[in-house]
Amino acid sequence: MTEWIAAHGGLVGLGVLASKAILILFSVISLSITIQCALNLRALRRREDQQYQKMRQSLAQGKLEIFAADAAFSAQAVEAALSHDASLEVQKEAALQRLALLENDLAPGLPFLGTVASTAPYVGLFGTVLGILEAFNRIAASGETGAKVVAAPIAEALTATAIGLGVAIPAVM
């Protein structure tokens with residue numbers, strides 16, 4: 001086990017590798033959430049386009065009950081509000097809760113994206129710090145301070161930073 005750790009740059013090298021692996025995992029999950037949200041919004045747009053013609057015809061014919069049944073979000077929220085025999089405040093709260101549930105259905109995983117957006121730069125920074133420590137370890141071991149000694153660990157460290165930013169920026173967007 002000790003030889004394997006030493007072959008992979010010691011604990012510092014394993015830390016850099018672990019930070020990169022975590023960031024790649026974050027990236028894959030974030031991308032899948034983003035794709036799912038885009039597909040949900042596209043399906044909603046298609047549904048709205050289909051229902052628009054029905055709603056126009058219903059309104060033109062004076063069939064308001066069909067209009068209310070076909071309207072996507074607002075009708076469901078209004079229905080949730082009006083189903084309560086309570087005060088206006090309770091009805092308003094019921095409508096807001098129904099809208100919040102519908103929004104959650106449209107964009108699953110947004111809390112995860114927020115977490116990734118805020119933590120990925122720090123995970124990348126952690127990999128950077130470990131890479132710089134590796135550069136200092138190489139300087140200490142060899143006694144040399146030239147670019148030949150420190151270029152590889154610093155490049156690896158900066159790669160961790162770039163991956164962290166590359167994961168965080170799309171998650172924020």
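Select Leu 165 first, a residue of helix H7. The model on display is a predicted one. Leu 165 has a relative accessibility of 41% and therefore counts as partly exposed, since that class lies between the buried limit of under 20% and the exposed limit of over 50%.

Now select residues 110-142, which form helix H6, together with residues 147-172, which form helix H7. How do the axes of these two helices cross? The crossing angle is roughly 180°, and the axes come within 7 Å of each other. H6 and H7 are therefore roughly antiparallel. Colouring the contact of H6 with H7 by residue type shows 19 nonpolar residues, seven polar ones and two charged ones.

Proceed to Lys 20, which is found in helix H2. Is this residue buried or exposed? Lys 20 has 15% relative accessibility and so counts as buried, the limit for that class being under 20%. To see what surrounds Lys 20, select Glu 156, Thr 159, Ala 160 and Ile 163; these are its contacts once neighbours within four places in sequence are set aside.

How many aromatic pairs does the whole structure contain? A search finds one, and it is formed by Phe 26 and Phe 112. A pair of aromatic rings is described by the distance of the centres and the angle of the planes. In this case the centres are 6.0 Å apart and the planes stand at 90°, an edge-to-face arrangement. Phe 26 is buried, with a relative accessible area of 18%, whereas Phe 112, at 28%, counts as partly exposed.

**Asn 40**

Continue to Asn 40, which also lies in helix H2, the element spanning residues 10-61. Its relative accessibility is 17%, so Asn 40 counts as buried. Which residues does Asn 40 contact, apart from its neighbours within four places in sequence? Selecting Asp 105, Leu 106 and Pro 108 displays them.

**The whole chain**

Finally, clear the selection and view the entire protein chain. It has seven helices and zero strands, and from the N terminus on its elements run α-α-α-α-α-α-α. Of the 173 residues in the chain, 31% are buried. Contacts along the chain complete the view. Among those between residues at least 6 apart in sequence, 67% join residues at least 24 apart.

Terms used:
Residues are numbered from 1 along each chain as its sequence is written. This is a predicted model: local features need pLDDT of at least 70, side-chain atom pairs count only at pLDDT 80 or more; totals for chains, interfaces and linings use all residues. Side-chain values use heavy atoms; hydrogens and water are left out. Axes are lines fitted to C-alpha atoms, for helices over the stretch in contact, and angles run from 0 to 180 degrees between N-to-C directions. Helices (H or I, at least four residues) and strands (E, at least two) are DSSP runs, numbered from the N terminus. Angles under 35 degrees count as roughly parallel, over 145 as roughly antiparallel, 65 to 115 as roughly perpendicular and the rest as oblique. Ala, Val, Leu, Ile, Met, Phe, Trp, Tyr, Cys and Pro count as nonpolar, Asp, Glu, Lys and Arg as charged, and the others, Gly among them, as polar. Buried means under 20% relative accessible area, exposed over 50%, partly exposed in between (1.4 Å probe, protein chains only). Contact means heavy atoms within 4.5 Å. Rings of Phe, Tyr and Trp (its six-membered ring) pair if their centres lie within 6.5 Å; planes under 30 degrees apart count as stacked, over 60 as edge-to-face and the rest as tilted.
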